[in-house]
Amino acid sequence: MEIEKIKSSVSDMILEGKVSQDVINTFIKEDGTVLPLESVLWDYKVEFDDSTHGLKKTLKSIVSLYNTYGGYIIYGISEKIKDSEFVVVGVKSNHIDQQKLRGQFDKYFGKRIPLLYQEIKITINNGEKLVGLLFIPKRKNSERSLAPIIDAADEKSKFILEKNTVYFRTEDECKKVVSTDDFIFISSPRVFGEQSSQYKTPSVFIDHNLPDKSFICPIFVGRFGILNELWAWLADELQHSKVLAADGGKGKTSIAYEFCQLLITTRVEGIEQIIWLTAKNKQFKPIFNEYVSVPETHFNDMSTLLKELCIRTGSIENTLEDLSVVQLTKLAKQNLKEYPSFIVIDDVDSSTPEEQKRILEMARTISSESSKILLTTRVNSIYSLDSSILIPGMFDDEFKDLINTLCDRLNLQKLNDKNLAKLEKASEGSPLFSESILRLFKQGSSIDLAIQEWTGKSGEAAREAALKKEVSELSLEAKKVLVTVCTVGSCSKSEIRQLTDLEHTDIGSALQELDLLFLLNSTPFIESEPRYESSSSISYLIANMVSEIIPEANNFLSKIKKAYYGLQSNSRRYHPRVGDAVRQCNALLKSSRYSEARETLQSLIKDPEFKENKDLYYLSASIEFSDPASEPKTVSHAFQQAYIKGQRKQQFFEQWYDFSLKNESNTTVLDICRNAIKSGTNDFRWADRYIEVTYKIIPTITNSRKKKEHLIESYKVLISSKNTRGYGINRDVFKAKSQRLLEELIIILDAIQDIREKAKIILFAFDNGDMGSFTLTNLIEVSRAIRERNVNDDLLSENIFNAMTAATEYLMQQESKRINILDGLNEELIKHAKGR
């Protein structure tokens, strides 16, 4: 029998829960030979090791199989020749102390797995042997992945089990979850035989109100240990609320946001919506001295928080006005039972200490196993340590990844290890403080002087001083645009025009100034009209210094406020009826009642008030996608309509992509990836998918210039992904793919003798931090070719000369051993200089 057929047969037996002679016969033949293979579904052991450390290793094997496809451990089989020959040695009767094993699960996981053990007699060479068969079931799709609740180490203090780390099985090894793709796999139904790119994920609509990523954190690096801890908390049956606690600047809000993105990406079953509730409007809009109606959810006390929760879970707003806090609490608790949600209550410390206590107590009261609540606050004594995660600074490799990413974003040369150590110590590993010091460095200070300026002041004072220095050099128009964006939170160019009365040309120049200093983030909504936002820290600081940078600041702010309210009166707020429709359709879809789901949707979408609602059009696409009887053309049209109506949510693109892989051409799949990237879906996986589809298309193209265009676009997409979510984890993948793309591009450009395009691509690679030998060697080659061919392009020649100069300085500063390249650069620089 072929190996794949055996694996398929074993998978079926696991799903059936078989523990019998038939299972043993699959692995051990009548002549005593043993199937010479261990796999993702089974493992061989000589004996059950009940020593202290042996039990821990057994637990790791069992939980890995449980979190994956389930499986069998067969005892009494010895490995004679590694990975190629196994023999039956047998076990003694009552070989496993099952009670002791269950007790270990209680100790290390706080939960038992329904294991089943049986000893089976087999006849081998006219003799009898007893083998042990331990059955580990597959974790149910509705259950969270199981992780240790405490650490377990061996005699050398090396971890066998790490607290809050999820383990799963890959081939014959136990592996830790270390990437988003790993999380996606363990959250999927885990149907054996499917490839990783085909994991079936839930297709129902999952609602959320997360703000744009750039509004929270333009870049996110590391913190995987904390994300793992939060993931393990999801499976905790006893603890339903959790606090992320840290001093200012440590990134607690960014971590909460990243975890929400992870839940959306993996489409965890049992969560129908994610609710983001924040009190940070006090930071974003302090100059108004009041709460304004903005797209993001907000609260300022217990009552407004509970009302917002009730509205988000199905209550009608005008029915809540006269309810007391106790009544609102009961209503929120009941709503969350009917509408399972994951809730983030951000910036609890914006409230008074007494109000903070009440909010934390309320979170414990209304949360449940199906609706968990995550809160963020500064470190204080209000919460207990067992219900919180204290967030430290970032150190060692994690800090290095952070700084390298920030240097890429700020267009700075990477720091050497000595300066990295200085920066780590001065910033205490704070992402926010580190960026502030790097901004000082970017303004012309040495790294030592930047750190000295920083350490001479308190955190916020130092950040304010650094920002003042940057802002002081701006034109008045740029200052007005900056204050406007920081005040209202998010604006398009047209909205800035209406809010400030500045001319379009002035606004364009101002945005260019601000972009050079990285004070604003451009987040495309539609290609022709990007939106501009600033980070929460910069918004907060600008609000505190507005009177120092804008003449007649009060009049200017009053004008913005008046215009802003006018714009907001035309915008749509979250509507409970849309939420009702989503919930009802989700329930119908789970019961495969597709026609009724369509009727529910149509009853609302035909209402003039909702006929342009992008979420309802996405719901329509989701219904068609879920219905196996829907024609592919119908599903495709529904997704296109949702996109035309303005739908840009991440899970919308995920579903559209899932559908298109199986039903559309590669060109259409590429367009969907392109749309997701243009729409600001900030995830490395979209760039990765774009590259995969490009490589499918390339072999079908015979025209070299067309191939060149596809590869250039793919290379630029990949390089641009360095500031996206997931890049840090996939850094090695990025390096390998970018190198392959660049090499293939150079081969084609050399073949068609396009020296200008080759020079531009090499400069693009260099400007984006590629200092590899391949890039520098080609930099020398394009310099020589342009010089020898007398290419008349002064700007291109100047850029090449500057790049070679920078490369020479970099190699010398790093004391590089690439002597040949350094000599080549110096030689070409001399020749280049003579010809200038």
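How many nonpolar, polar and charged residues does the lining of the largest cavity have, by class? The model shown in every view is predicted.

**Figure 1. The largest cavity and its lining.** This cavity has a volume of about 120 Å³. Its lining is made up of 13 residues. Sorted by class, four of the lining residues are nonpolar, four are polar and five are charged. Nearest the centre of the cavity lie Arg139, Glu143, Arg144, Ser187 and Val268. Two helices, H5 (180–187) and H7 (224–234), each contribute at least two residues to the lining. In the whole model, seven cavities of 30 Å³ or more are counted. Rolling a probe the size of a water molecule over the atoms is a way to show where empty space is left.

**Figure 2. The open sheet of four strands.** The strands follow the order E1-E2-E6-E5, and their pairing is mixed. Strands E1 (42–45) and E5 (116–124) are at the edges; each has a single partner strand, so one side of each is left without a neighbour in the sheet. From one strand to the next, the twist averages 25°.

**Figure 3. The hairpin of E5 and E6.** Strand E5 pairs with strand E6 (residues 127–136) in the antiparallel sense, over nine bridges. Two residues lie between the strands of this hairpin. Asn125, in the turn, has a positive phi of about 50°.

Figure 4. Helix H1 (residues 3–16) lies across strands E1, E2 (71–75) and E6. The direction of H1 is at about 100° to that of E2. Helix H3 (residues 52–67) also packs on this sheet, where H3 touches E1, E2 and E6. H3 makes an angle of about 150° with E2.

**Figure 5. The open sheet of six strands.** Here the order is E11-E13-E14-E15-E12-E16, and the pairing is parallel. Strands E11 (207–208) and E16 (388–390) stand at the edges with a single partner strand each, so one side of each has no neighbour in the sheet. Strand E12 (residues 241–245) runs parallel to strand E15 (residues 372–377), and five bridges join them. Within this pair, Ser241 is opposite Ile373 of E15. Helix H8 (residues 252–266) lies across E11, E12, E13 (273–278), E14 (341–346) and E15. The angle between H8 and E13 is about 165°.

Figure 6. Arg598 and Glu624 form a salt bridge in which the closest N and O atoms are 2.8 Å apart. The pair links distant parts of the chain, with 26 residues separating the two positions. Arg598 belongs to helix H24 (residues 594–605), and Glu624 to helix H25 (residues 614–626). The count for the model is 32 salt bridges.

Notes
Residues are numbered from 1 along each chain as its sequence is written. This is a predicted model: local features need pLDDT of at least 70, side-chain atom pairs count only at pLDDT 80 or more; totals for chains, interfaces and linings use all residues. Side-chain values use heavy atoms; hydrogens and water are left out. Two strands pair if DSSP finds at least two bridges between them. Axes are lines fitted to C-alpha atoms, for helices over the stretch in contact, and angles run from 0 to 180 degrees between N-to-C directions. Contact means heavy atoms within 4.5 Å. On a 1 Å grid over the protein atoms alone, a cavity is a set of points where a 1.4 Å probe fits but cannot get out, and a pocket is an open set with protein on both sides within 12 Å along at least five of seven lines; lining residues have an atom within 4 Å of a point. Grid points are joined across faces, edges and corners, and a volume is the space filled by probe spheres set on the points. Ala, Val, Leu, Ile, Met, Phe, Trp, Tyr, Cys and Pro count as nonpolar, Asp, Glu, Lys and Arg as charged, and the others, Gly among them, as polar. A salt bridge is a side-chain nitrogen of Lys or Arg within 4 Å of a carboxyl oxygen of Asp or Glu.
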